[in-house]
Amino acid sequence: MTILLTGFTGNVGVEIARQLAPNRVFALVRDLKHAPRLDGVTLVKGNLECLPAFIQGDVEAIIHCAAAVEFKRSLEELRRTNVDGVAALLDFARSCPRLRRFIQVSTICVCGDRTGPTPEAPLPEAPHFVNPYEQSKWEAERLVLAAELPAEIVRLAIVAGSERDGSVRRPGALHHALYWLYKGLIPMIPGTAESRVDLISTEFAATVLAAALRSAPEPGRIVHASAGTESPKLGELLDFLAGFFSQHHRGWASGAVSRPDIVDRETFTLFEKSVMQSGDLLFRRVCDDAQSFLPMLLYPRTMATSLAKSVPLADWRTLARRVASWLIETDWNRKPTTTPAYDAA
Amino acid sequence: MKRIGLRGLGTALPEQFTPLAELPLLSSPDRLAAFGFGGAWIAEDPASLAVRAARNALADARIAPSEVDVLFAAGALPQAHQRASEQPTGGVLDAFCYSASWLQEELGLDRAAVCGIAQQGCAGMFSALRAARGLLAAEPELNHALCVGADVLPPGACREILYNVISDAACAVVVSREKARHRWAGFHQISKGYYWDVPAKQSEIIAAYFPTARSVIMELLRRENLSATDVDLVVPTGVNATSWPILMRLCGIPEERLYRPRRSFGHTIAADSFLLLEEARASGCLAPGMRLLLFAYGFGSSWCALLLEVAEEEVA
């Protein structure tokens, strides 16, 4: 099968390409010079606004993994990539005569403020969204499902990093939150102790996607690449991280840095208001980063997992430990690691 | 031992009040006004404030200076513990002129043993009270300890510390074995030396403030077999007014149980809790049997929580 993969240089793109072997993969990249090299992958220069028409005759499947994931951007900015970009790719797909599959990589965040058991099903009614990113991805799902193409959706949980070595290609909202947490600068987290933090590894995300592609086509199907009931509760995760950080950080080891309190929305809002009034620049950054990620923890839910159940899932403790180790060792990807980083080579 | 408590309170504020607009500050006056600050009380010398507060406390406790067994003098700043010699030599001897000893002499506390309490920041008075209560419990022949806290910032000093406007003030408390107005019901302190370097760690200190404050209060309540709703009144300090509702929510103490000050005096380092306790008493907010929670944070860093119970009996 010949596959067009977008988002190759993102957090999970390389691993997806690896999992798609021995299929032929065209990886759409903006910058040929700096893109990773991988056997079986042909780099194709382009982007969602300038798609490579010369491969349309060959493409049998499209895996659309590219997205703008900066939670703090405005809805208009995010729509440009996450909605308009999808529309452009769907148009492109309609002109691929051999196309059999279109897989949209989405996110469990499209559920917004929904709580409780969450089925692998479309969300026809827009929930209340925690941030514009969620909304843009929900709008993208609607486009894909209405496209009259053999389209399916795989919603990824929070991709923490590699379960092999903990590496993270592009630190995102989770990793920013971990940074402030490690530095002892997060006094409280909005949520409940029972809220699940649905962490998955890069490899797990890619394996579920590859499994979805290998399985029989089911246009309109939605799959969750999620740890579901195996994911840690927020209280458990914070306790684990506090224990782990205490091996690396004097403040955590002595108990001077405390595990953040888990608080309700009103309390966190009061804290944010106080920070904003103070004008403290550092805490504004902490709150900005927290605002983009942490509020989703106020909505405890458990994602249904049908296909993902058949994929081996690393224990969340192992994953959290490896990712946290890698982040600490590389100072959040600011300096080279002494252990081989997860890469395409 | 269960009758030990606070028998007399006294406070002293300077005569000069300076509005925010005229103070040396880091933030804009508007920003600090949003945190509940109107200005600062400014004094030149902590000694006169300390004497005034101590005399007020002795009068409130209705005891004579000669009845005081121990004097604890608390001060957050190093200069609070020194008194200029009347005949300075210019040598090292000048450094041994202590303000606590001067205070003993000035007040005529002729029988009192003297002790200084330092390096506790704004929690200095709490440490003094704890030491006083512990001493009375340990030595049955002692009846009255006088704790005095006084701090005055150096002339021209910036009046803003971590978004708090600092006033000069003094407070004094007589801790006695009998006839306490507020019985000692419990105390807990957490000290974290990790935060000793205040300028270097100020952001981390701000972040540690809430979780540690909650921990110290909840541990105190746990030790006393009480729940958060057993606290009848929280007597705040003068720090950033927006922080108290957050702390109340973190602890699960109903917000309406936070004492709402009738006057604003900023944050006075050591005296806030006692200025407000005195005010609450004077305004008739306190009733016998009420449990009062006092909390203070001091650079160092120490988080202190003190639980008092309003006594049935009045001072004879």
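What should the 15 residues of helix H4 (residues 124-138) of chain B span at 1.5 Å a residue? They should span 21 Å, and the end C-alpha atoms of H4 are 21 Å apart, which agrees; the expected span is 1.5 Å times one less than the number of residues. This is a predicted model, in which local features need pLDDT of at least 70 and side-chain atom pairs count only at pLDDT 80 or more, while totals for chains, interfaces and linings use all residues. Residues are numbered from 1 along each chain as its sequence is written, chains are lettered from A in the order in which they are written, and side-chain values use heavy atoms, with hydrogens and water left out.

**Helix H4 of chain B**

- Helices (H or I, at least four residues) and strands (E, at least two) are DSSP runs, numbered from the N terminus.
- The buried residues of H4(B) are B:Gly124, B:Met125, B:Phe126, B:Ser127, B:Ala128, B:Leu129, B:Ala132 and B:Leu136.
- Buried means under 20% relative accessible area, exposed over 50%, and partly exposed in between (1.4 Å probe, protein chains only).

**Interface of chain A and chain B**

- Chain A places 29 residues in contact with 21 residues of chain B, contact being heavy atoms within 4.5 Å.
- About 2000 Å² is buried between the two chains, and carbon and sulfur atoms give 60% of this area.
- Buried area is the accessible area (1.4 Å probe) that two parts lose on being put together, summed over both.
- On the side of chain A, the most area is lost to chain B by A:Ala256, A:Asp261 and A:Gln277, together 26% of what that side buries.
- Eight residue pairs, both residues at pLDDT 80 or more, are in polar contact across the interface.
- A polar contact is a pair of N or O atoms within 3.5 Å; within protein, one must be able to donate a hydrogen and the other to accept it, and residues adjacent in sequence count only if both atoms are side-chain atoms.
- Helix H8 (250-254), strand S12 (261-263), helix H9 (265-278) and helix H10 (281-293) of chain A are the elements that give two or more residues to the side touching chain B.
- H9(A) gives the most to that side, with seven residues.

**Salt bridges between the chains**

- The rule finds three salt bridges across the interface, a salt bridge being a side-chain nitrogen of Lys or Arg within 4 Å of a carboxyl oxygen of Asp or Glu.
- B:Arg214 is joined to A:Asp261 by a salt bridge, with the closest N and O atoms 2.5 Å apart.
- B:Arg249 forms a salt bridge with A:Glu266, at 3.9 Å between the closest N and O atoms.
- This pair crosses from helix H6 (residues 243-251) of chain B, which holds B:Arg249, to helix H9 of chain A, which holds A:Glu266.
- B:Arg249 is partly exposed at 28% relative accessible area, and A:Glu266 is partly exposed at 43%.

**Salt bridges within chain A**

- Over all chains, the whole structure has 28 salt bridges.
- A:Asp239 and A:Arg259 form a salt bridge, their closest N and O atoms being 2.9 Å apart.
- The pair links distant parts of the chain, 20 residues apart: A:Asp239 lies in helix H7 (residues 234-245) and A:Arg259 in the loop between H8 and S12.
- A:Asp239 is partly exposed, at 47%, as is A:Arg259, at 28%.
- A:Arg317 meets A:Asp315 in a salt bridge (3.0 Å, N to O).
- A network of salt bridges links A:Glu15, A:Arg18, A:Arg164 and A:Glu203.
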